[in-house]
Structures are given as structure tokens and as C-alpha cells.
Amino acid sequence: MNGRFESKVAFVTGGTSGLGRDAALAFAREGAKVVFTGRRSDAGEEVASAIRKQGGEALFVRADISRESDVAAAVKACVRAFGSLDCALNNAGIDGTLMVPMAEYRTDVWDAVVRTNLSGTFFSMKYEISEMLKRGGGSIVNMSAMAGLRSGRRTGAAYNATKHGIIGLTTTGAVEYASQGIRVNAVCPALIQTPMSEATFLKDEAMVQKALQMYPLGRIGRPEEVTSLVLWLCSAEASFMTGTAIPVDGGSLLI
Ligand SMILES: NC(=O)c1ccc[n+]([C@@H]2O[C@H](COP(=O)([O-])OP(=O)(O)OC[C@H]3O[C@@H](n4cnc5c(N)ncnc54)[C@H](O)[C@@H]3O)[C@@H](O)[C@H]2O)c1
């Protein structure tokens, strides 16, 4: 396949659904060999087969991002299968409990969200960077959210804290590895139509109408509108970009 990622290997966490699935398919359409992780083998094999149907090469690795050994094994499997790891999208994440204020927030939910979103991103960066250093560079994109940019959001303590924390990991990684050819950026989507948002903010028409009021563009986003930014940041076109946290938000930060 022809494209910006020909002869490149892309690694995507949480590629079995939503934004990760869309990015995995897009990387493959643009010529990358794609390795992606997730927890469900049936969903993983479905995405791998969709990639092969469009003429691409893909490997699904079952891995729980909150377990360091799973992440290390997935990165190893990527390099074993395709010989490299040039671009990474650290996307896997959960939202925990969004509508509960802090004093009532369950500690086990907090632990799960921190372990998945924040430790999972740290584990991913740690092993991806080790591989990229052996090959003279690479590009990493971390999936933060509007919740990582906006201050003073009510409820969803763990989600807000971890999405802020992901930007901290992004800027730290960017500065630590810039001189060794590794760029690290974050993307910060607002509400995008995926299984995650359909199960939380878009459960019924009243919720959809409430959500629409937050967007000057008058609609919520589509996965491909996040994917296009992710791929651009990973591409050579973004060669002077590192340490950024870019909103994809339909103008919602303005109001
Ligand atoms: N959809 C939105 O509105 C929105 C907005 C901002 C940010 N995000 C972020 O985008 C990312 C993807 O969200 P989505 O909307 O596509 O949701 P989704 O639920 O459709 O997909 C989440 C993916 O992460 C994977 N995942 C979750 N926990 C995992 C774990 N422990 N180990 C391995 N994989 C795991 C799931 O298997 C799935 O593939 C998340 O980090 C989310 O916080 C989403």
C-alpha cells in the first residue's frame, strides 16, 4: 500500500474499538504494518481481518495495558513480527465513574482508572522508547482528552487527573528524548462518537442535545477527525512538533 507510512511499523494500544480501531485501520491504509493491542481476542481478530481485507498487514496482541509485563510482551511481539516500532498511539483508556463527586468516588475505581490510563501510558512509553532508541528515533502520540486541558471540571476525578497526567508524561518524554530523534505529542479530543461515549454521554436524545450545546461547530466529533491529527503528528510532516497537547474539540474550549 502507498502512503506516508510505507515501510513503517505502527503500534496502537486499545485498537479493538473506537478511536484505536479507526487509527489502526488508517495507519494500515497509509502503508504501515500495524500491531495493535486489546483485551478481547474476537474483537482483535475482527480488526486484523478488516486491515488485511484492505490490503494491509496487521498483528493483534492480547494485552492488558495496566500490566507492565503484558505491555513489554506486546512491544516485543511487534518488533519480532515486523522488525521495528516507528510510530505509537497510546490510546487504551477507560473513563471510570464520571458523574460522581470526589467524596463519593470509589477507591477501587480510582485505582483501575489510574492503572489503565496513567500507568498504562507510562508502561507503553517506557517500552516503545527503548525500541525507538535502538532505531534512531520515532514518534509517539498519547491519547489525552479535553478533560486533560480544562481545569475545574466537576466529577470524574480519576479520568480528569489521568488525562492531565498523560500530558505530563508527554512533555517529560518530549524533552527527555528530543535529542535522540523521538517526538512525543498528545491529542485532546472532546466528545467523539465511539462505544465509550455512546455508553456515557450519548445514552439518549436528551443527553445528545445537552452535549451539542457545548460545541460551537454544533455537533460532536467523528473518530476519523481524531485519527487524521494522530497520523499527521506521527508523520514526517510534523517533524518540528514535540511536547504539544492539541485539542480536537469542535471549538468547545472557547465556551
Ligand atoms: N470517545 C470520546 O469522546 C473520547 C474523548 C476524549 C478522549 N477519549 C480517549 O480515547 C481513548 C479511546 O476511547 P474510545 O472512545 O475509543 O473508547 P472505546 O471504549 O471504544 O475504546 C477503548 C479501547 O481501550 C481498550 N482498553 C481499555 N482498557 C484496556 C486495558 N486495560 N488494556 C488494554 N486495552 C484496554 C479497549 O479494549 C478499547 O479497545 C481513551 O483513552 C479515551 O479516554 C475518548
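This is a predicted model: local features need pLDDT of at least 70, side-chain atom pairs count only at pLDDT 80 or more; totals for chains, interfaces and linings use all residues.
Biologist: Thanks. What makes strand 1 largely enclosed by the rest of the structure?

Modeller: A residue is buried if 20 or more other C-beta atoms lie within 10 Å of its own, exposed if 12 or fewer, and partly exposed in between, with C-beta atoms placed from the backbone. In strand 1 (residues 9-13), 5 of the 5 residues are buried, so the strand is largely enclosed. Strands here are DSSP runs of E with at least two residues, and helices are runs of H or I with at least four, numbered from the N terminus.

Biologist: How do you know that both faces of strand 1 are covered?

Modeller: In a regular strand the side chains alternate between the two faces of the sheet. On one side V9, F11 and T13 are buried, and on the other A10 and V12 are buried too.

Biologist: Why is S7 called exposed?

Modeller: S7 has 9 C-beta neighbours inside 10 Å, so it counts as exposed. This residue sits in the segment before strand 1. Most residues other than glycine have a negative phi.

Biologist: Which strands does strand 1 pair with, and how do you know?

Modeller: Two strands pair if DSSP finds at least two bridges between them. Strand 1 has 4 bridges to strand 2 (residues 33-38), running parallel, and 4 bridges to strand 4 (residues 87-90), also parallel. For example, V12 has F36 of strand 2 as its bridge partner, and F11 has A88 of strand 4.

Biologist: What is the order of the strands in the open sheet?

Modeller: The 7 strands are ordered 3-2-1-4-5-6-7, with parallel pairing. Strand 3 (58-62) and strand 7 (245-248) are the edge strands, since each pairs on one side only.

Biologist: Why are helix 1 and helix 2 called roughly parallel?

Modeller: Angles run from 0 to 180 degrees between N-to-C directions, and axes are lines fitted to C-alpha atoms, for helices over the stretch in contact. Angles under 35 degrees count as roughly parallel, over 145 as roughly antiparallel, 65 to 115 as roughly perpendicular and the rest as oblique. The axes of helix 1 (residues 18-29) and helix 2 (residues 41-53) cross at roughly 25 degrees and come within 9 Å, and the two helices are therefore roughly parallel. R21, A24, L25 and A28 of helix 1 make the contact with V47, A50 and I51 of helix 2; contact requires C-beta atoms, placed from the backbone, to lie within 7 Å.

Biologist: What makes helix 3 roughly parallel to helix 4?

Modeller: Helix 3 (residues 68-82) and helix 4 (residues 107-134) pack at an angle of about 30 degrees, with their axes 9 Å apart. That makes helix 3 roughly parallel to helix 4. Among the residues that meet are V71 and V75 in helix 3 and F123 and Y127 in helix 4.

Definitions and conventions. Residues are numbered from 1 along each chain as its sequence is written. A crossover is right-handed if, with the strands pointing away from the viewer, the path from the first strand over the helix to the second runs clockwise. Two residues are in contact if their C-beta atoms, placed from the backbone, lie within 7 Å.
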